[in-house]
Amino acid sequence: MTTKQLDEQYIAHTYARFPVELVSGEGSLVRDSEGREYIDMGTGIAVNTFGVADKEWAAAVTAQLGQLQHASNLYYTGPGPRLAQMLCQASGMKKVFFGNSGAEANECAIKAARKYAQTKKDPEYYNIITLKNSFHGRTLTTLAATGQDVFHTQFTPLTPGFLYADPADPESLAALVKDNKVAAIMFEAVQGEGGVLPLPGDFVQAMKDIAAAEDILLIADEVQCGNGRTGKMYGYMDLGVTPDIVTTAKGLGGGLPIGACMLGDKVADVFTYGDHGSTFGANPAVCAGAINIMSRLTEDVLAGVRERSKLVFGSLTGAPGVKSVTGMGLMIGIETEKPAADVVAACRDRGVLVITAKSKVRLLPALNIPMDLLEKALAVIKEACV
Ligand SMILES: Cc1ncc(COP(=O)(O)O)c(C=O)c1O
């Protein structure tokens, strides 16, 4: 049987896949099972930070694999704490819990916020405000956090205690806080799955004011927009917000599963032994790869992201067939006149892999995509839009 036939028969039908089997690649070029080469503008949904089969990252992971691939959290192992130190230095947070995905990082953040508020205030302070159109994961609790009904139907009842503010209406936040006991507000600096939409400035201001006035924790979900993707280390750094908890995943691992929940001053010591756990959390090989990624997210690389971003916005804004371009850094949404799916297919036929976000075409290239490949990809995308 072919891969496609095996997949159809034995993999649960939760993914509508593109008709391509990817087998190998190098940097921003990937190849399919028929030997066709593509420029990769999706990086496995913001995961392959420095592209495919990146040699430095692969060497770091393989060196660790040759020593000790896993030990469990019953023992000390070197890479986890070293990575945690790097994350704290990059974010100003104080302690880190490692899981294996974005959803798990957010689950941990929600537990930390609830424990903090319930201990400090009273047990009814369990509510978490998230935003309409947000995306925070697929577990039943992070689905509840996700402010999009389309993901909820047929999976109810979800975890209770989630309320949704409208990012277009900052006053919706005050109304929710007035009527409910709120532990935390969780936000994405740029809503990724929601259509690559940066958080409006007036909502950010309202969120900061109310969080400070009411001792409500701010949780920045940096699963997609973190790790250099926006041109800063974390997306919130462009908003002038100091979160109490930062979650990240995706690009931190560079291609292997990891989730990190970073705890700031207020919540650094909220957990005690036994409060939370994960068999694979802080896996040494995954953390060795993430250390390599973190060590390369230098100011030069971030400046390169901003430079590439300018090129993309400059090239696509106002192009024929393009209605609007949104996003930050190398997290870009293109509203097209044609249906996004048609543009994605036309790009693929011409050797460029792009993805969608709701009704938009989404670009999430490697942070170090060579300029000539980026220019080639943009020319193809523009052709596909008309
Ligand atoms: C902002 C955000 N949070 C959380 C998640 C969930 O991450 P994961 O799929 O690793 O559980 C995603 C995934 O797309 C995301 O974009």
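Helices (H or I, at least four residues) and strands (E, at least two) are taken here as DSSP runs and are numbered from the N terminus. The model is a predicted one, in which local features need pLDDT of at least 70 and side-chain atom pairs count only at pLDDT 80 or more, while totals for chains, interfaces and linings use all residues. Residue numbers start from 1 along each chain, following its sequence as written.

Four strands form an open sheet with mixed pairing in the order β1-β2-β3-β15, where two strands pair if DSSP finds at least two bridges between them. Because β1 and β15 stand at the edges with a single partner strand each, one side of each is left without a neighbour in the sheet. Between β1 and β2, the pairing is antiparallel and runs over four bridges, and Glu 26 has Leu 29 of β2 as its bridge partner.

| Strand | Residues |
|---|---|
| β1 | 22-26 |
| β2 | 29-32 |
| β7 | 182-187 |
| β15 | 352-353 |

Phe 187 belongs to strand β7, and it counts as buried because it has 27 C-beta neighbours inside 10 Å, the cut-offs being 20 or more other C-beta atoms within 10 Å for buried, 12 or fewer for exposed, and partly exposed in between, with C-beta atoms placed from the backbone. Phe 187 and Asp 32 are 155 residues apart in sequence and 36 Å apart in space, C-alpha to C-alpha.

Around the ligand, helix α5 (residues 102-120) gives the most to the shell, with three residues.
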